[in-house]
Amino acid sequence: MTTIQSNSITNNTCAMDDRPIPVAQACGYLLEQAHSVNETELVTLNKALGRVLAVPIISPIDLPVWDQSAMDGYAINSADLTANQTDWSISQRIAAGQASAPLLPHTTARIFTGAPLPIGANTVIVQEACQVNDNRMQLIDSTMSAAIKPGANVRRRGEDVANGQTLITPGTRLQPQHLALIAAVGIDAISVYRRVRVAIIASGDELVPPGQSLNAGQIYNSNSTLLTGLLTQLECDVLECGQVNDNRAATELLLTQAAANADLVIVSGGVSVGDEDHVRPAIAQLGTVELTQVAMRPGKPLVFGHIGTTPILATPGNPVSLFVTFHLFARPLILVMQGILGIVTPPTIPARAAFNWSKPDKRCEYHRARLEWTDAGQAMVQVFPSRSSAAITSLTWANGLVMIPPHTTLIEGDAVTFLPFYSPL
Ligand code: AMP
Ligand code: MG
């Protein structure tokens, strides 16, 4: 296992001397450690939404499967127009779902959108340009015939997809439109990576599940619900390991069980260096602690390590710290583990501050923020009034985070970087 000796860490190590390292460096280290799950499973299309494709989708057919009409109208051979023909006998009628017969020379076929073009026809004249009398079709304005281009209103066989074409590459998270494309070429079951299994632990004597009554000093455990939701949105299997008291032996026992049964363990709370914080020494006892402090606010006392081969991410207990560190570290890590190919770090949007920031921090700040567009189309960012990492309401108010670099003050209108909560991966 790679440890603190990793080059990316040694220059600015935190685990050796507890000096916080920059967010990008810490995230880079996590991603270096990440292994994608290799096991695949075959799933039907209706079970594949959100899963990550493991094997390329190669089309077994052309799409369209045959030349077809793109409009309701009349199919002709464009050579008739060149020969100044302006009316045609209607020799057949072809609706979508019907087979067509070859077009008799110098006749037209009444045809509808999605119907197969008859052999011998290459152009469809839209019905609005035609009039019909006694089973003959004429152009309403015969001078328009020169404007009708050969191939007009025809979708050619294979113009969208060619037989043998690679449609979707492995490492893609399957969205409804991917599944529709797969269905359109007739495939009903596909190979995806198995789900990543994430064990979650809430650490803290004070925690009580919602629905029970609170005794003095107790609070409701909201982090387990938060993590379950975040992981479910990412299509992970969640192994809910419940709450563990601020007790070293109990923490070690639960961590051991969680690490043995999951691909990744996320612990919230008990991660600092106080007398009641047992997570970090427990991980060190059972495995390795490779990263302990990140130069960010909130979320500084983040811990990353391994127990056996299972990565362990331990975040501060405040809900906002958990949410922010999940967004910046857990999510990219999980995306790599899921087999996603591409940029896994959170996307950013350039915007302008709609606020003043007069209290710089030596750490990089990820403040809860809300992106809105002005009538002129300018992306403006507002910030939540409280900096408290316990303010859980800030998470339902915000639609992302604004990144404020260390030692930075801002005035309204300054350029800022916004990280939306929702991303295409
Ligand atoms: P800790 O990181 O254990 O020092 O906890 C920091 C703060 O987060 C404390 O106020 C805890 O009570 C709170 N906290 C810890 N775990 C949770 C949890 N699962 N749900 C809600 N709040 C929590
Ligand atoms: Mg605690």
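Biologist: What makes Leu226 and Leu230 in H5 buried residues in this predicted model?

Modeller: Buried means under 20% relative accessible area. Leu226 and Leu230 are buried in H5, together with Asn223, Ser224, Leu227 and Leu231, so each of these residues falls under 20%.

Biologist: Against which elements do the buried residues of H5 pack?

Modeller: The buried residues of H5 pack against E13, E16, E17 and H8. Contact means heavy atoms within 4.5 Å.

Biologist: Why are E17 and E21 called paired strands?

Modeller: Two strands pair if at least two bridges are found between them. Strand E17 (residues 264–268) and strand E21 (residues 310–315) have four bridges, in the parallel sense, and therefore count as paired. Ile266 stands opposite Leu313 in E21.

Biologist: What is the strand order of the open sheet, and what makes E16 and E18 its edge strands?

Modeller: The order of the six strands is E16-E13-E17-E21-E20-E18, with mixed pairing. Strand E16 (237–244) and strand E18 (288–291) are the edges, as each pairs on one side only. From one strand to the next, the twist averages 25°.

Biologist: How are H5 and H8 directed relative to strands of the sheet?

Modeller: Helix H5 (residues 223–233) makes about 165° with the direction of E13. Helix H8 (residues 319–338) runs at about 175° to E17 and lies across E13, E17, E20 and E21.

Definitions and conventions
Residues are numbered from 1 along each chain as its sequence is written. Chains are lettered from A and ligands numbered from 1 in the order in which they are written. This is a predicted model: local features need pLDDT of at least 70, side-chain atom pairs count only at pLDDT 80 or more; totals for chains, interfaces and linings use all residues. Side-chain values use heavy atoms; hydrogens and water are left out. Helices (H or I, at least four residues) and strands (E, at least two) are DSSP runs, numbered from the N terminus. Axes are lines fitted to C-alpha atoms, for helices over the stretch in contact, and angles run from 0 to 180 degrees between N-to-C directions. Buried means under 20% relative accessible area, exposed over 50%, partly exposed in between (1.4 Å probe, protein chains only).
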